[in-house]
Amino acid sequence: MTHVKTALTFLLFLSLACSITTDLADESTAAPQITAAPTSAVKSTESAPPTPVAQPTRPPSLQGSSQPPVTRPPLGGTATDSVTYSVTNPTSNVKLFVRVYSPVRSALSPALVLVPGGKGDSSDFQNDPSQLVSAGFVVVTFDPDGRGQSAGTDDNNGSIHQDGLAAVIRFAATLVNVDKNKIGVATYSYGITMGSGALARYPDLPLKFLIDWEGPANRNDTGGCTTPKSGHLQGMYACTDETAWSQREASTFIGKLKIPYQRIQSEKDHAQPDAHHAVTMINAALAGGGIPLIKLNDTKITQKVELKSLPPLIPESQERQRGQNVAKYALELLK
């Protein structure tokens, strides 16, 4: 009888041990709970937040700007394709339409910000971007407030437009394929007013040089104040309106620059009767005393010039090679 009780006790103990071992095995091999992330645009409120993706650092004046991810292009050849962006003018809060053309290369590229003439916008540039890209430049064009694809009110190259240009220049310095030490501005015609105004008022802009293609100097050129029926701003501001013109005369800004100034001037100006405005701009640049290099086409200027004794101007046969000339002088200024 004792042997039977012992056997029963042993069988009961063995049964309990097997039961415990099975439970532990079941618990240790159970699959962990996995929450699948939704594949649609709708995000689950219970899922973990995504890992932040590092973005280029922008100056405070560019807050509110949107910049899609930019990847550095591969090596070889040139490109005519472009990418569009939105850069906020910090003064007007208008989102400016910006277009960037990039050469296809792996190395960092110098950049040129192009400023349109008259009441124009980025669509005015036809061949210039492709010619400049072929020369190795990242090219940045934009629509100022109230023009092209930018909302807002046209400021006629006054301080609001100048503030917008400054924001575009700072934006250009954030592009991942741009050499931030090799950025220049090229202005076309009346764009010199916006360009010189922005550069004079924001001396901290990361710029290497300013190129001025046949830009008018003052109210006499753009407001018809001495030559009746001339200038696209004639009748818009009275010639005695100092408040308005203090914002819109390139000759008052150019002498405040501290970077090289290149003037491009042909024998027959595209808008003015002669090259008197080139004389005014060059002499104003000299009078400022702080510009390290002043050039008129291929000639370095070190003393006051006169209309009757100007250095050689670009022949009319080459006048249409505007983009090529801008590229040529920009490359020289980078040396």
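Two strands pair if DSSP finds at least two bridges between them. The legends below apply to a predicted model.

**View 1. Strand β7 and its parallel neighbours.** Three bridges connect β7 with strand β8 (residues 294-296), and these strands run parallel. Within β8, Lys295 is the bridge partner of Gln262. Strand β6 (residues 209-213) also pairs with β7 in the parallel sense, here over four bridges. Tyr261 of β7 is the bridge partner of Leu210.

**View 2. Side chains of strand β7.** In a regular strand, side chains alternate between the two faces of the sheet. In β7 (residues 261-264), Tyr261 and Arg263 point one way, while Gln262 and Ile264 point the other way. All four of these residues are buried.

**View 3. The aromatic pair Phe125 and Tyr188.** The structure contains four aromatic pairs. In the pair of Phe125 and Tyr188, the ring centres are 5.0 Å apart and the planes lie at 70°, so the pair is edge-to-face. Phe125 belongs to the loop between β3 (109-115) and α2 (128-134), and Tyr188 to strand β5 (residues 178-188). The two residues are 63 residues apart, and their pair links distant parts of the chain. Both Phe125 and Tyr188 are buried.

**View 4. The surroundings of Trp213.** Trp213 forms one aromatic cluster with Phe125 and Tyr188. Over the ring of Trp213 sits the charged end of Arg322, 5.0 Å from the ring centre.

Notes: Residues are numbered from 1 along each chain as its sequence is written. This is a predicted model: local features need pLDDT of at least 70, side-chain atom pairs count only at pLDDT 80 or more; totals for chains, interfaces and linings use all residues. Side-chain values use heavy atoms; hydrogens and water are left out. Rings of Phe, Tyr and Trp (its six-membered ring) pair if their centres lie within 6.5 Å; planes under 30 degrees apart count as stacked, over 60 as edge-to-face and the rest as tilted. Buried means under 20% relative accessible area, exposed over 50%, partly exposed in between (1.4 Å probe, protein chains only). A charge sits over a ring if NZ of Lys or CZ of Arg is within 6 Å of the ring centre and within 35 degrees of the ring normal.
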